[in-house]
Amino acid sequence: MDTTILHMQDITKTFPGVKALDGVNLSVSKGEIHAICGENGAGKSTLMKVLSGVYPHGSYEGQIIFEGEELKASNIKDSEAQGIVIIHQELALVPYLSVAENIFLGNETARGGFIDWNETNHRAADLLARVGLDELPVTPVGQLGVGKQQLVEIAKALSKNVKLLILDEPTAALNDDDSEHLLNLLRGLREQGITSIIISHKLGEIEDIANTTTIIRDGQSIEALDMADPESNQNRIIRGMVGRELSSRYPERVPQIGDVVFEVQDWSVQHPVQQDRTVVEGANLEVRAGEIVGIAGLMGAGRTELAMSIFGHSYGRNITGTVKMDGKPVDTSTVGKAIKAGIAYVSEDRKKFGLNLIEDIRVNTTAAGLDKISSKGFVDGNKEIQIAEHYRKSMRIKTPNVMAKVGNLSGGNQQKVVLGKWLHTAPELLILDEPTRGIDVGAKYEIYTIINELAAAGKAVLVISSELPELLGICDRIYTLAYGRMTGQLPSSEATQERLMELMTIEKESTR
Amino acid sequence: MTITSELKDIFTKNLRTSGIYIAFVLIVVLFTILTNGLLLSPINITNIILQYSYVLILALGMILVIVAGHIDLSVGSLVALTGAVSAVIVIKGDLPWWVGMLAGIAVGALCGLWQGFWVAYVGIPAFIVTLAGMLLFRGLTYEVLSNVSLSPFPGEYGQIAGGFLNGLLGGNGFDLFTVIIGVIAVAGLFVSQWRNRAGRAKYGQSVESMAMFLAKNIISGIIILWFFWQIATSRGMPIVLIILAALILGYHVLTTKTVFGRHVYAIGGNLSAAKLSGVNVKKINMWIFINMGLLSGVAGVVFSSRSNGAQPGAGNMFELDAIAACFIGGASTTGGVGRVTGAIVGGLVMAVLSNGMQLMGVGASTQQIVKGVVLLLAVAFDIYNKRRAGAGN
């Protein structure tokens, strides 16, 4: 008897300039919990979007066989009609509507356009009992915590007669109790014959719950591990996830490391909205002059949150801890003060946080350091052009002049404009958050060269990146961050991807 | 680049910025023909300035508000309130004209401070804050005036909007002073354009060809000289034109040359990026509204001076004229884009439309319909151009 419920065959998905998936194969047996593991950007989410119809049939190559028939979904509704339901990392609930209304949103129990509220709430109550959520169907979803909202999502999936449930990082935002409850629920659903696919970075969880684990790396399916095999432990998964060789994609550099320039002591940050959720907990780090230091961490570990909270308290609340520059404590409570203290932060999302896309290179280059080219409130226009020209040339930004609109530049050139903008503020410390995200390989090499030049000029550089090879390739020392806590630091000479991944996946003691 | 390809660019690639100027010229030509030349007669030109100066003054403040991504619906009510305060002080209080003027402007700035506080520090959208202000200031106007109109102002106050500088330097059949101001204006324009061009060339930036540069400046120079000649042969230099010119120049410099101006554009262009670049967004927003209030005060004084009194219902719908001027002048509805020169030309388009139709004896209802359609078409044109530019890249 064929027990395979889903077979995805040779799935290839191309975006302009990038091959996100390259001949991926995935086989899921009926009634199992199937985990998918891979680094950030390996292609896990893209694969699930192909499966759930977010990317319609025809926009990818390959075949999907679901319950013995080829699936040709042109949207999410089609795949849901077949019983495939995806629950995204960012929950898709309407906070002002009740639990029952959310469960049946788009699928209302109605007669002639009028909603039958008794039937709706009655059916919702049944579903809530099935997922073990002790709340009234009329409670607004916004009043529930994230864990309970996750259960509402699952109840919503059950209301659609789900056969294959896909969960993208379901426990990333949950505390330990809620995670445990969710995992037990998945076990219960397995007994009822519902197949689940779970994407997770929490390898401990996967070890506990999954029957099979498929590993995806660089858009390709590497292997499928049978988790019943005692060999298939966390280390085995990590090896599969990071198994690529380091090539000479990084420029040579001889580090010249000086005194400590930048120190952070006992830094804690709470989530801006969610009560009692600590995003960064007691972090300590230091960076020396001429040193390139990396921060490695999985998505949701608190990397960007740490950086942005240091830089002008731009993230979070109840921020505590000390920042020191050259040994002296400095106030970084506003962006202006942080800049004055000699800190620059290059955001991971240059379009949203880094650039004014409707303006030209000139205006963007000087946006953070206008005081340097102005006197008595007046901008020296000639000096401004001079400075923008200087960075255009030294950064090798490919445009004829600095009057080009930034929105029309390529990703790599935009990133160079952002770097130029922050260099113009003459910082002692540069925090680079995902400096090569969305940039092609050639431009990446140029960005690395610029980073090396900065270090050679005696600047302290802190690099946050999801790409471990990148950190190993350019950093002198790497800190690891997991669930908001610093879990270790390694000199690059001693660091390996496996070693880093182990440190990045250390959970709090209470979990195990 | 050759001058022909540059000329072509004006009507194709750069249509988004040059469109408003082309439209203005077309409207002026149209109404000159329809009114048999009456539109451009010396007396009518002077009239247009006297009659619509308040809209232009308000547009100067509104362009900052709109570029920063806000809106201000309260300026009409604030014009009424500041005019009323001024009138009470001068007419009832029997104090000198300048006390009334300064008090009106101060009240305007204070009301701007009030609105700026709610927008910048409490975080209420400007639409709501100024909608409340619209009601609030209108109500206060009725209170200040005790529900009745106040008039007339003593002579000097009326000079602010109705006075002329004539015969300062003499002249035979024309006012020499006005002509000299005109010549200075043309010389100033040419020198500043020349320096700008030289500065850009020095740093290796692309500049327009010398032929294009000269053609542009000579045409502008002739138009300006002709304009001043018309005024000089009428009643001389209107005082309000001097005020207006100084304000336009000042705000042009503020938006293009100062750190403050840069920050306003940065906030409107990308708020998150501005915050992360160290822009003190709250402070800038606060000053934008204080400035809008202050200019409403100036407009209130000018308007009450022109109408020679204060009415509780004054300034009705002025906010919409000012907002329309900005959008017709190419400001973006999502913020970050807009120029002082554009807003002024936008305001002049509205002024010429109204004045031209009045000269033709078109009814008030038709005038409103035409203005509404023009506003809609102007913004539609802008969106169309933006899309075309986006597709081209």
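## A walk through two chains

A:Glu135 is partly exposed, because its relative accessible area is 24%. Keep in mind that this is a predicted model.

A:Glu135 has a partner: it forms a salt bridge with A:Lys148, and the closest N and O atoms are 2.9 Å apart. The two residues are 13 places apart and link distant parts of the chain, with A:Glu135 in the loop between helix H4 (117–131) and H5 of chain A, and A:Lys148 in helix H5 of chain A. A:Lys148 also counts as partly exposed, at 36% relative accessibility.

A search over all chains finds 21 salt bridges in the whole structure. One of them joins A:Lys163 to A:Glu67, with 3.2 Å between the closest N and O atoms. This pair, too, links distant parts of the chain, 96 residues apart: A:Lys163 sits in the loop between helix H5 (146–159) and strand S9 (164–168) of chain A, while A:Glu67 sits in the loop between strand S4 (61–66) and strand S5 (69–70) of chain A. A:Lys163 is partly exposed at 35%, and A:Glu67 is partly exposed at 36%.

Another bridge is found within a single helix. A:Glu502 and A:Arg499 both belong to helix H17 (residues 497–504) of chain A, three residues apart, or about one turn of the helix. Their side chains meet in a salt bridge of 3.4 Å, N to O. Both ends are partly exposed, A:Glu502 with a relative accessible area of 32% and A:Arg499 with 35%.

| Residue | Partner | N to O distance |
|---|---|---|
| A:Glu135 | A:Lys148 | 2.9 Å |
| A:Lys163 | A:Glu67 | 3.2 Å |
| A:Glu502 | A:Arg499 | 3.4 Å |

**Where the chains meet**

Is B:Arg262 buried or exposed? With a relative accessible area of 12%, it falls under the 20% cut-off, so B:Arg262 is buried. Leaving aside residues up to four places away in sequence, B:Arg262 touches A:Arg362, A:Val363, A:Thr366, A:Leu370, A:Val379 and A:Glu384. Within chain B, the C-alpha atoms of B:Arg262 and B:Val279 are 9.8 Å apart, and the two residues are separated by 17 residues along the chain.

**Helices of chain B**

Now look at helix H3 (residues 42–67) and helix H13 (residues 281–306) of chain B, whose axes come within 9 Å and cross at roughly 175°. An angle over 145 degrees counts as roughly antiparallel, and H3(B) and H13(B) are therefore roughly antiparallel to each other. Among the residues of H3(B) that take part in the contact are B:Leu50, B:Tyr54 and B:Ile57, and those of H13(B) include B:Phe289, B:Met292 and B:Phe303.

Helix H14 (residues 318–328) of chain B is largely enclosed by the rest of the structure, because 10 of its 11 residues are buried. The buried ones include B:Phe318, B:Glu319, B:Asp321 and B:Ile328. After H14(B) comes B:Gly330, with a positive phi near 95°.

**A nonpolar patch on the surface**

B:Phe190, B:Trp194, B:Met210, B:Leu214, B:Ile218 and B:Ile222 form a nonpolar patch on the surface, and together they have about 550 Å² of accessible area. Helix H8 (176–202) and helix H9 (210–232) of chain B are the elements that give two or more residues to this patch. Which helix gives the most? H9(B) does, with four residues. B:Phe190 lies in helix H8 of chain B and counts as partly exposed, at 33% relative accessibility.

**Backbone details in the loops**

The peptide bond from B:Ser151 to B:Pro152 is cis, with omega near -10°. B:Pro152 is in the loop between helix H6 (126–145) and helix H7 (155–162) of chain B.

A:Asp218 is not a glycine, yet its phi is positive, near 50°. This residue is in the loop between strand S11 (212–217) and strand S12 (220–226) of chain A, and A:Asp218 is partly exposed at 45%. B:Asp94, also not a glycine, has a positive phi of about 60°. B:Asp94 lies in the loop between helix H4 (75–92) and helix H5 (97–122) of chain B, and at 66% relative accessibility it counts as exposed.

Notes. Residues numbered from 1 in each chain as written. Chains lettered and ligands numbered in written order. Predicted model: local features only at pLDDT ≥ 70, side-chain atom pairs only at ≥ 80, totals over all residues. Heavy atoms only, no water. Patch = residues over 30% accessible without salt bridge, like charges linked within 9 Å, V, L, I, M, F, W, Y side chains within 5 Å. Areas by Shrake-Rupley, 256 points an atom, 1.4 Å probe, with all protein chains shown as cover. Salt bridge = Lys/Arg side-chain N within 4 Å of Asp/Glu carboxyl O. Buried < 20%, exposed > 50% of the residue type's maximum accessible area, 1.4 Å probe, protein only. Axes fitted to C-alpha atoms, helices over the stretch in contact; angles between N-to-C directions. Parallel < 35°, antiparallel > 145°, perpendicular 65-115°, else oblique. Contact = heavy atoms within 4.5 Å.
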